[in-house]
Amino acid sequence: MLVIDIRKTLKLNSEVEASLFPSGLQTFPAPAKLNLFLHVVGRRADGYHLLQTTFRFIDFSDRLAFTVRSDGIIKVMNPLSDLPEVDNLCTRAAKLLRDRSGKTLGVEIYLHKQIPMGGGLGGGSSDAATTLIVLNRLWGINWDRARLMMLGLELGADVPVFIYGENAFAEGVGEKLTQLALPPAWYVVLTPPVHILTADIFACKELTRNTIPIKISAFSMGAGHNDLEPVAARMQPIVGDWLQWLKQQPGTSKVGMSGSGACLFAEFPEASSALKVFERIPVDMCGFMAKGLAEHPLLHF
Ligand SMILES: C[C@](O)(CO)[C@H](O)COP(=O)(O)OP(=O)(O)OC[C@H]1O[C@@H](n2ccc(N)nc2=O)[C@H](O)[C@@H]1O
Ligand SMILES: Nc1ncnc2c1ncn2[C@@H]1O[C@H](COP(=O)(O)OP(=O)(O)OP(=O)(O)O)[C@@H](O)[C@H]1O
């Protein structure tokens with residue numbers, strides 16, 4: 001994992017991480033994603049927006065561990081502050097899988113968050129996907145990925161890609177996925193200390209909803225922007241300011257906002273150029289550096 005452990009990063013050191021889980025318990029990653037571009041190309045009858053986007057997994061993850069219970073009880077052992085346990089996407093994913101599969105087993109879930117919440121990095125969706133992938137095995141359900149993805153879609157539009165497991169070009173609301181082989185890349189991700197609700201940004205009157213659809217090949221040639229970005233910058237000016245800073249940095253092949261924000265990224269083909277920019281982040285900004293993954297770490301679990 002290429003995250004530099006200094007003042008500005010959100011990375012836990014491994015000793016702290018070990019103390020968060022009961023000893024001997026296997027832990028599982030739930031990586032963050034970046035939307036390398038995001039076009040809003042239409043709207044469904046139910047109000048959901050039709051998108052085109054590219055999902056890239058990065059080596060910056062939450063971690064989870066699970067202990068199966070025989071009594072059917074599902075419990076998050078270290079609940080997130082400000083989030084009722086019933087609303088935690090891990091709890092919701094486990095309950096959905098238990099109820100739909102007809103299993104009567106339960107589970108204790110240990111969750112360590114590292115991915116900023118509500119930042120456009122898909123942390124909650126990734127936690128849900130890792131819960132579904134792992135419990136599918138631990139509870140002996142053994143559904144195939146396609147079936148798990150359909151279940152995941154009920155929890156959120158971003159859940160299916162984390163179960164799919166490949167970097168992907170996505171259409172529909174994010175559930176029509178085409179595998180993409182992306183070149184190695186390193187990212188400086190800035191994490192502005194503001195929250196923008198996904199629902200609020202999609203509800204905004206000024207949002208462009210009719211971007212002309214592109215072909216995958218156009219994205220490979222470098223096309224693509226994020227239609228949600230100007231709306232987010234209007235709601236939270238810090239987004240535009242920090243984006244400007246990233247755009248001024250040398251050596252980057254792409255700069256943008258991920259998902260519904262507010263996290264921002266700059267992509268670099270070389271780790272050394274990313275590191276140079278990471279080290280220049282001013283003291284009043286925060287962020288981390290991570291490597292783009294070739295695939296989800298649980299793809300073959
Ligand atoms: C912006 C992205 O992060 C791009 O990857 C996703 O499309 C958002 O996915 P997500 O966080 O899983 O979002 P959801 O929990 O499914 O949706 C939250 C709310 O955002 C709005 N929403 C979401 C996705 C979408 N394609 N159109 C929408 O209009 C809906 O009002 C929905 O109630
Ligand atoms: N395990 C979880 N981790 C993070 N958020 C969770 C979790 N469970 C439920 N949530 C809720 O889901 C909301 C969105 O979380 P998440 O961190 O996935 O946002 P996001 O990165 O903006 O997502 P996206 O990119 O999919 O829009 C949070 O604000 C929180 O209320």
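Me: Hi! Leaving aside neighbours within four places in sequence, which residues is Asp-158 in contact with?
Reply: Hello! Asp-158 touches Gly-122, Ser-125 and Gly-174, where contact means that the C-beta atoms, placed from the backbone, lie within 7 Å. This is a predicted model, in which local features need pLDDT of at least 70 and side-chain atom pairs count only at pLDDT 80 or more, while totals for chains, interfaces and linings use all residues. Residues are numbered from 1 along each chain as its sequence is written, and chains are lettered from A and ligands numbered from 1 in the order in which they are written.

Me: Where does Asp-158 sit?
Reply: Asp-158 lies in the loop between α4 (145-153) and α5 (159-164). Helices (H or I, at least four residues) and strands (E, at least two) are DSSP runs, numbered from the N terminus.

Me: Buried or exposed, and why?
Reply: Asp-158 counts as buried because it has 28 C-beta neighbours inside 10 Å. The cut-offs are 20 or more other C-beta atoms within 10 Å for buried, 12 or fewer for exposed, and partly exposed in between, with C-beta atoms placed from the backbone.

Me: Which residues does the UniProt "active site" annotation cover?
Reply: The unreviewed UniProt entry puts that label on Lys-33 and Asp-158. They are spread over 126 residues of sequence, yet they cluster in space, with a largest C-alpha distance of 9.4 Å. UniProt positions follow the numbering used here, feature names are shortened, and annotations may be inferred rather than shown by experiment.

Me: What about Lys-33, where is its place?
Reply: Lys-33 is in strand β1 (residues 27-43). With 28 C-beta neighbours inside 10 Å, Lys-33 counts as buried. Beyond its neighbours within four places in sequence, its contacts include Phe-55, Leu-121 and Gly-122.

Me: Switching to ligand 2, which residues come nearest?
Reply: Leu-89, Gly-118, Gly-124, Asp-158 and Gly-259, out of 19 residues around ligand 2. A residue is near if its C-beta atom, placed from the backbone, lies within 6 Å of the molecule.

Me: Which helix gives the most to that shell around ligand 2?
Reply: That would be α3, with four residues. Both α2 (89-101) and α3 (123-138) supply at least two residues each.

Me: And which residues are closest to ligand 1?
Reply: His-49, Gly-156, Ala-157, Phe-202 and Gly-259, among 19 that surround ligand 1. At least two shell residues each come from β1, β2 (49-69) and α6 (198-203).

Me: Last one: which residues of α4 are buried?
Reply: Leu-148, Met-149, Leu-151 and Gly-152. Seen down the axis of α4, they fall within an arc of 160 degrees, so they line one face of the helix; the arc is that of the directions from the helix axis to the C-beta atoms. Their cover includes α2, α3 and α5.

Key. Contact = placed C-beta atoms within 7 Å.
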